[in-house]
Amino acid sequence: MTRGEKVIAFVQKYCFVPEGAHVGKPMVLLEFQRRFIIDIYDNPAGTSRAYLSIARKNGKSATIAALALAHLVGPEAKLNSQIISGAQSRDQAGIIYKLAEKMVNLNPELRKIVRSVPSSKMLVGLPMNVEFRSISAEAKTAHGLSPVVAILDEVGQVSGPRDEFVEAIETSQGAHDGKALLIAISTQAATDQDLFSQWLDDARQSHDPRIVAHVHSAPEGCELLDREAWKAANPALGAFRSEQDMADFAERAARLPSAENSYRWLFLNQRIEASSPFISRAVWQACGAPALPIDDVPVYGGLDLSATNDLTALVLIGNVGGVWQVHPFFWLPEDGLREKARVDRTPYDLWHDQGYLMAAPGKSVDYEYVAGILRGLFEKYDIRKVAFDRWGFRHLQPWLLKAGFSEAEIAEHFLEFGQGMQSMSPALRELEGEILNGRIAHANHPVLTMCMANAVVQTDPAGNRKLNKEKSRSRIDGAVALTMAVGAAPTSDPLIDVMAMVA
């Protein structure tokens with residue numbers, strides 16, 4: 001047999017169902033589980049990382065426990081090695097240990113060769129002296145270990161692109177000369193910027209032969225009651241995943257719009273935030289065409305000035321062929337950029353290296369620096385209007401004069417734009433319409449995309465809307481700047497309006 005076939009044979013012969021309706025019976029792996037195991041262990045290139053993303057209640061924890069036992073006393077056991085399963089909470093880590101212990105206790109043959117240490121959530125495989133531990137981020141026990149196999153449970157719960165616990169596990173495997181294996185089994189993360197999303201996207205884009213990634217997710221935009229969509233995200237549906245349970249939650253989500261996002265995330269394994277963004281990810285991505293140059297067209301902008309060390313955003317737009325070409329600019333202070341990336345759990349440092357984010361010298365984005373950038377852009381483009389939040393403009397204006405702007409230029413080209421319902425609501429309506437009709441091109445700029453994904457709107461009883469920074473997940477400065485740019489631009493050709501009135 002191949003390595004993969006040996007692992008499957010071991011699981012189905014020695015691992016018994018630890019709890020539920022079929023408790024005590026030998027595990028019977030479903031096709032999606034067998035395929036995942038075969039792809040891991042029979043990979044000609046050798047597997048360094050393996051990802052399995054499925055909806056909840058599809059046997060993720062039992063799969064982790066069974067794979068751990070295959071490395072503890074099964075065909076993958078290595079002399080004097082360590083195996084760990086990691087989870088974000090003690091309770092989640094405890095689940096994996098308890099399931100593995102139950103599997104051992106249900107099989108007399110395993111009981112003879114496995115010793116349990118409940119106080120440490122540890123199992124010891126006696127024949128090869130292999131240790132298996134369940135550890136959690138809360139316990140801070142990842143340092144000092146050297147696991148040849150690390151299995152991460154529900155890594156999709158990590159918010160942001162970095163996690164100290166996960167990094168500690170990854171770096172702890174460095175002593176195994178490229179033979180270590182990391183397995184992550186989880187539902188999707190909420191956003192593109194979260195750790196598990198970045199892992200899955202990297203696997204898809206890099207085509208690295210040493211990464212195995214199986215993602216079971218319902219199609220975006222599918223109907224909540226679409227049973228084929230259920231099956232796509234729940235490969236165990238009808239086996240040990242209850243169809244009635246799926247139907248009950250789907251009908252509830254269909255009745256209660258507030259429950260839809262969590263249902264799509266947990267039951268359909270879609271990358272959906274718990275709060276509804278201003279624009280859905282799918283609609284935004286549909287406008288991701290490359291942005292054409294705007295050198296020869298009238299240009300309009302929105303400027304969202306920051307506090308001393310926050311994100312500053314300028315978005316310029318120009319209409320080319322009936323489509324608004326979006327050219328964003330973002331700044332953060334150079335000093336402390338990496339630390340801010342860690343605190344915000346956002347890859348500012350990576351975006352800076354890639355050229356999407358500029359680093360202003362020093363510890364703050366000084367208004368003098370911004371004024372100099374604006375002067376250069378005015379000389380490059382035919383900028384007609386730049387909308388700005390009045391909050392910081394009184395501090396910027398003296399520096400504009402110093403940068404070479406005349407008072408007449410400032411009066412002509414800079415437009416005061418309030419952040420309340422009165423100014424924001426019409427601009428949001430225009431922006432929403434342009435996006436829905438595919439009349440913007442933003443080239444999937446990652447910083448702007450993050451801001452749009454974070455943006456949440458607040459609505460008053462009259463239906464007026466504004467962007468709400470307090471309710472948003474994180475930075476929305478780019479979304480504010482884009483909204484103001486659209487608000488500053490003419491919504492239609494005045495000549496066409498006059499001709500329509502005459503007609």
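Select R49 and display its side chain: the side chain makes a polar contact with that of Y51 at 2.7 Å (a polar contact being a pair of N or O atoms within 3.5 Å; within protein, one must be able to donate a hydrogen and the other to accept it, and residues adjacent in sequence count only if both atoms are side-chain atoms). A second polar contact of the R49 side chain reaches the side chain of E170, at 2.8 Å.

The model is predicted: local features need pLDDT of at least 70 and side-chain atom pairs count only at pLDDT 80 or more, whereas totals for chains, interfaces and linings use all residues. Residues are numbered from 1 along each chain as its sequence is written, and side-chain values use heavy atoms, with hydrogens and water left out.

**Around R49**

R49 lies in strand β1 (helices, H or I of at least four residues, and strands, E of at least two, are DSSP runs numbered from the N terminus). R49 counts as buried because its relative accessibility is 18%; buried means under 20% relative accessible area, exposed over 50%, and partly exposed in between, with a 1.4 Å probe and protein chains only. Next, select E170, L181, L182, W199, R210, I211 and V212, which are in contact with R49 when its neighbours within four places in sequence are left aside (contact means heavy atoms within 4.5 Å).

**The sheet**

Now colour the strands in the order β3-β4-β5-β2-β6-β7-β1-β8: these 8 strands form an open sheet with mixed pairing (two strands pair if DSSP finds at least two bridges between them). At the edges are β3 and β8 (211-215), each of which pairs on one side only. From one strand to the next the twist averages 15 degrees; axes are lines fitted to C-alpha atoms, for helices over the stretch in contact, and angles run from 0 to 180 degrees between N-to-C directions.

Select helix α4 (residues 90-106), which packs on the sheet and touches β2 (82-87), β3, β4, β5 and β6; its direction makes about 150 degrees with that of β5. Helix α7 (residues 195-206) lies across β1 (49-53), β6, β7 and β8, and runs at about 115 degrees to β1. Between β6 (residues 149-153) and β7 (residues 181-186), 5 bridges join strands that run parallel; here V149 stands opposite L181.

**Two hairpins through β4**

Move to β3 (residues 114-117) and β4, an antiparallel pair with 4 bridges, in which S116 has L123 as its bridge partner. The two strands form a hairpin with 4 residues between them, and K121 in the turn has a positive phi of about 50 degrees.

On to β5 (residues 130-136), joined to β4 by 4 bridges in the antiparallel sense; F132 is the bridge partner of L123. This hairpin also has 4 residues between its strands, and N129 in the turn has a positive phi of about 50 degrees.

In a regular strand the side chains alternate between the two faces of the sheet. In β4 (residues 122-125), M122 and V124 point one way and L123 and G125 the other, and all are buried.

G94 is in helix α4 and, at 6% relative accessibility, counts as buried.

**A helix pair**

Finally, select α18 (residues 446-454) and α19 (residues 477-488), whose axes come within 6 Å and cross at roughly 90 degrees. The contact is made by L448, C451 and M452 of α18 and D477, G478, A479 and L482 of α19.
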